[in-house]
Every structure is written in C-alpha cells, then in structure tokens.
Amino acid sequence: MKITPDQRIQLHGFNNLTKSLSFNMYDICYTKTKEEREAYIEYIDEQYNADRLTNILKTVSDIIGAHVLNVAKQDYIPQGASVTILVSEGPVVEIPTESLQESPGPLPSAVVMGLDKSHITVHTYPEFHPNEGISTFRADIDVSTCGEISPLKALNYLIHSFDTDIMTMDYRVRGFTRDIKGQKLFIDHDINSIQNYIPDNVKELFDMIDVNIYQENIFHTKCKLKEFDLNNYLFGTKKDKLSEEEIGEITEKLKMEMDEIFYGKNIK
C-alpha cells in the first residue's frame, strides 16, 4: 500500500500507532592484563558517559521532531550509564513526505514530524570475560514513537554515533489507528527490511541477516563487521609486540566472541 502525499489516508483522530526501534551495538576488545581491562572499562565509561549519551538522545529527538520534556540520567558505579528522555509533540513545519519512504534518515538535526507520549532510552553495559581476556561494551537504545514518523529515521545517526563491531536492530509496530470510516490500520507505511534505512556505504562494511515476520509487523536485522584488523581489537598493546602463537590465539578468541554474539548462541 504505497501512499503519496496527495493520497494520505484520512484518519479518525490522532495516529496512535506505536512504533518502536531497539538498536543494540557491541564493541569487542582484547585486554591481556587486569590493568588493561580496567583501563578499557574506564575509557568506555569516559567515552560514553551519561552527558554524552544525553546529547546523542537529544539529537535523536531533533531528527524525529520531538520536544524534550524531561531527562533522567545516571552514571553508575563501578561502570555503565543510563539516560531516559520523555518527549512530546514538536513543531510541524510541513507535511513529512519523506517519512513515507524507506530511506536512511539524516545525520544532522532535522525536524520531520511531531510526536506525542513517546520516549527514548539508552543503557550501557561494559563487561569482561573472567578468563579469556575478552572485554565487551554493549549499548542498548530504544526509541518509541506515536504518530506517523518512524523512529527508523534516527537509525543512520545512531550507527554513526558508536564504534560498532556488531549491531542488532528490531523494529515493530503495535496498536492500531482508524480511518474516517472506522477501518483499523495496523501499519501506515511500507517496509520490507530495516536495511532500507541504512546507507549503502555502511551496509558494505557489514555481513547482514534479516529475520522478519511481515504479517506481525516485526522486523529484525543483525550485522557483523566484515573486515578484521587485530590492531583494532587490542587495548594497551600492538600486533607487532605479539608472537605468532599469541596472534593466532587472540584472533581465534575475538572471532569466536563476535560469532557467538552475532548468532546469539554459545559455539563449542
């Protein structure tokens, strides 16, 4: 059901479909010693503290056209941070024709459509393997909106806001709205893949898998970085300081960690 701006469905009241995007990113690192591990966790906590995360979420609010009502943020001890932003309807400049199309959203701030009764959250989870020297940083971002605009328009910006080895994304539409005849509408835009909201130059960097349930308006995409340069995964040391045996062992551990996260299961 493709809808042009001139063919917009007339609704009975407000469009109260709930559209939710869950964006999960993972950064994998090898920390050889306890000191390196502690330094990595400290580095992550500094890079992605509550203040910086708040700025990221405020930019997401601008992209989806929301007005920030309230911000709750917290840096945790010993590690991690959380931010929750409540947003309401923002200014509507013009009819959001671009929101009807599957395409990557903007990187700069851009008001697209107003929202109401919506929220944006982020939680971070730095952690480490007790024996293998693997440290992992995970950030979970949820963008839930009501109305016409899809939170997928913020996905491009979110991808560019984090250094990611693995991404998993879920998008779902819930509830229903009615047209002027009382007919229920369970989705108000065409979508066949979250990948259509990711720029081509980003998709080229990742292996990607879709798991979609179209009849239930559930869409899932997961991505794993294609290129593997060991120097990008070492914290506190360089590849040329390691023996060939160490290089082989560390590479195997890192790739195993990435595969297990990507496929969502332990691999023996």
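Colleague: What percentage of the 268 residues in the protein is buried?
Modeller: This is a predicted model, in which local features need pLDDT of at least 70 and side-chain atom pairs count only at pLDDT 80 or more, while totals for chains, interfaces and linings use all residues. Residues are numbered from 1 along each chain as its sequence is written, and side-chain values use heavy atoms, with hydrogens and water left out. Buried means under 20% relative accessible area, exposed means over 50%, and partly exposed lies in between (1.4 Å probe, protein chains only). On that scale, the buried share of the 268 residues is 48%.

Colleague: How much of the accessible surface belongs to carbon and sulfur atoms?
Modeller: Accessible areas come from the Shrake-Rupley method with a 1.4 Å probe, and for residues only the protein chains shown count as cover. The protein has an accessible surface of about 14000 Å², and the share of carbon and sulfur atoms is 48%.

Colleague: How many helices and strands does the secondary structure contain?
Modeller: Both are DSSP runs numbered from the N terminus: helices are H or I with at least four residues, strands are E with at least two. The count for the protein is 5 helices and 10 strands.

Colleague: Among contacts between residues at least 6 apart in sequence, what percentage joins residues at least 24 apart?
Modeller: Contact means heavy atoms within 4.5 Å. Of the contacts between residues at least 6 apart, those that join residues at least 24 apart make up 73%.

Colleague: Which residues does Asp27 touch beyond four places in sequence?
Modeller: Asp27 belongs to strand E1 and is buried, since its relative accessible area is 17%. Its C-alpha lies 9.8 Å from that of Ile44, 17 residues away in sequence. With neighbours within four places set aside, the contacts of Asp27 are Tyr40, Ser135, Thr136, Phe137, Asp163 and Asp165.

Colleague: How many residues apart are Lys32 and Glu246?
Modeller: The side chains of Lys32 and Glu246 form a salt bridge of 3.1 Å, N to O. Lys32 counts as partly exposed at 45% relative accessibility, and Glu246 as partly exposed at 25%. Lys32 is in the loop between E1 and H1 and Glu246 in helix H5, and this link between distant parts of the chain spans 214 residues.

Colleague: Which helix holds both Lys203 and Asp200?
Modeller: These two form a salt bridge whose closest N and O atoms are 3.5 Å apart. Lys203 is partly exposed at 22%, whereas Asp200 is exposed at 55%. They are 3 residues apart, about one turn of the helix, and both lie in H4.

Colleague: Is Asn217 buried or exposed?
Modeller: Asn217 has a positive phi of about 55° although it is not a glycine. Its place is the loop between strand E9 (206–210) and strand E10 (218–225). Because its relative accessibility is 13%, Asn217 counts as buried.

Colleague: Which residues does His220 touch, leaving out those up to four places away in sequence?
Modeller: His220 is in strand E10 and counts as buried at 17% relative accessibility. Its contacts are Thr168, Met169, Asp170, Ile194, Ile209, Asp210, Val211 and Asn212.

Methods
Salt bridge = Lys/Arg side-chain N within 4 Å of Asp/Glu carboxyl O.
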